[in-house]
Amino acid sequence: MQTNFLSQQFIAGSSAENSSACPANATICDGTSCVLPEDNFNQTLSVVLSTVLTIMLALVMFSMGCNVELKNFFDHIKRPWGIFVGFLCQFGIMPLTAFLLSLAFNILPIQAVVVLIMGCCPGGTASNVIAYWVDGDMDLSISMTTCSTLLAMGMMPLCLFIYTKMWTDSNAIVLPYDSIGISLVALVIPVSFGIFVNHKWPSKAKIILKVGSIVGAVLIVLIAVVGGILYKGSWIISPKLWIIGTIFPAAGYSLGFFLARIAGLSWHRCRTVSLETGMQNTQLCSTIVQLSFSPEQLELMFTFPLIYSIFQLLFALLILGGYRLYRRHRVKTKTDVEKTEQKEDSKSNAKINGGFVSDEMK
C-alpha cells in the first residue's frame, strides 16, 4: 500500500532543491535523483543474492552463538542494566539524533521521514560480528540485538508517532511486522543452535567461531557491494542526505559509548553498546520505505538506507582498526598492572552483572 502525503510546501521545496538531469532511461526523474527501470537481470540478481546472503547470515549468527555462554546470557536478561542502557541508546538517542539532524539541515519533509525511520530501527546483526573483533561482550551484544528487534514492534510506532508529527501523519508509514518477526527468528534460531554447540562441544565451538567471524567480516563488505549494485539507479541524490548519512552513524557510535561509560559499564561493554547503537538494521529501513511511499516520493530518498549502511560500515572498520592498533602497540602502564592485580575482583563484578570477562581482564 503506497501513500501520498506530499504537501504543497514539499512540492515547492523539491522543485527548488533538485535541478540536474537524470539518465534518459529513468522512469521517474525530478532533478538530483532518479529511478531506473528494473531489468530481468537485476531482479534475478536480487533474488539469488538475497538467498545466498540470508544463508550466509544464518551461518554467521550460528558461529556468533558459539561464543555465548547460556548462563551469562540469561544473567543479562535477569539483571538487564546493560540491556537497559542499550535500550536508551537505541530508542532514545538515535530517534532524537535523527530529529535534530533533520531540523538542522532543513531537509524536505519526505527526506526527514526516512532519516527518522532509520533512527527508529533496531540494531543490525553486523554489530555482533564487529563486537567480536573488538573484544566486546558477546553475551550483551546478542541479547541487545535480540531485545531491540523484539521491542521494535512497539517502540518503532511510538517513536515515529512522536517525531514525525511535524512532517506527516505517522499512520501513513507502513511497518512490516512480518519482516521484523522474520529478522527476530533469523537471529534467535541460529544463535540458539550456536549456544547449544558451545555448551555440548566447546572445543568445536571455538573453531566454528573463528571461521564464522572471518565469514561475517566478508559478509558485511559483500552486503555493501550488493547494495551498490542493486541501487545503482540513484547514486546522485541530495548532498544534504549524504552529509546526514555521514554524521548520523558517527553520532550513534560516539553517543552510545559515552552514555554507556556514564552509566558505569566496563570498557568492553561500552564498545559493545557503541556498536549496537550506531549499527542499524538498514534492510528493515529499506523495506519500510518501499512499502510506505509512492515512486514519486521514493526517488527523493530511497537510497538513504544504503548511504547510512556505507558510512556505518566505514566508521565501524575505523573503530576496529583503531582498537586493534591500540591492542598491538599499547605499553603496559601502571593502570594495566593494577587491572591485572584486580583480576579476581573484576571477574567477580562481571559475574554479578551477568557478562563474560573479556580478554583484557584475563
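Tutor: Let us begin with burial: buried means under 20% relative accessible area, exposed over 50%, and partly exposed in between, with a 1.4 Å probe and protein chains only. This is a predicted model, in which local features need pLDDT of at least 70 and side-chain atom pairs count only at pLDDT 80 or more, while totals for chains, interfaces and linings use all residues. Residues are numbered from 1 along each chain as its sequence is written, and side-chain values use heavy atoms, with hydrogens and water left out.

Student: Why is Asp135 called buried?

Tutor: The relative accessibility of Asp135 is 11%. Because the limit for burial is under 20%, Asp135 counts as buried.

Student: Where is Asp135 found, and what is its phi?

Tutor: Asp135 is in the loop between α6 (126–133) and α7. Its phi is positive, about 55 degrees, although Asp135 is not a glycine. The helix labels follow DSSP: helices are runs of H or I of at least four residues, strands are runs of E of at least two, and both are numbered from the N terminus. On that basis the chain has 16 helices and 2 strands.

Student: Why is Asn106 called exposed?

Tutor: Asn106 has a relative accessibility of 60%, and the class of exposed residues begins over 50%; therefore Asn106 counts as exposed. Asn106 lies in the loop between α4 and α5 (109–120), and its phi is near 50 degrees, a positive value in a residue other than glycine.

Student: How many salt bridges does the structure hold, and which residues meet at 2.9 Å?

Tutor: The structure holds 2 salt bridges. Asp137 and Arg269 meet through their side chains at 2.9 Å, N to O. This pair links distant parts of the chain, with Asp137 in the loop between α6 and α7 and Arg269 in helix α11 (residues 267–278), 132 residues apart. Both Asp137 and Arg269 are buried. As a general point, side chains of opposite charge can pair when their charged atoms come close.

Student: Why is Thr164 called buried, and what does its side chain reach?

Tutor: Thr164 has 0% relative accessibility and therefore counts as buried. The place of Thr164 is in the loop between α7 and α8, and its side chain reaches the backbone oxygen of Leu160 at 2.4 Å.

Student: Which residues are buried in helix α12, and what caps its N-terminal end?

Tutor: In helix α12 (residues 282–292), the buried residues are Thr282, Leu284, Cys285, Ser286, Ile288, Val289 and Ser292. Asn281 caps the N-terminal end of α12, with a side-chain oxygen 3.1 Å from the backbone nitrogen of Leu284. Over the chain of 362 residues, 51% count as buried.

Student: Where is confidence lowest, and where is it highest?

Tutor: The scale is pLDDT, the predictor's confidence in each residue, from 0 to 100. Confidence is lowest in helix α1 (residues 8–17), at a mean of 40, and highest in helix α10 (residues 239–262), at 93. Over residues 1–20 the pLDDT is below 50, and beyond near neighbours in sequence this stretch has 41 contacts in the model, a contact being heavy atoms within 4.5 Å. Over residues 334–362 the pLDDT is also below 50, with 46 such contacts. The mean pLDDT of the chain is 75, and 70% of its residues reach 70 or more.

Methods: Polar contact = N/O pair within 3.5 Å; in protein donor to acceptor, adjacent residues only side chain to side chain. Salt bridge = Lys/Arg side-chain N within 4 Å of Asp/Glu carboxyl O.
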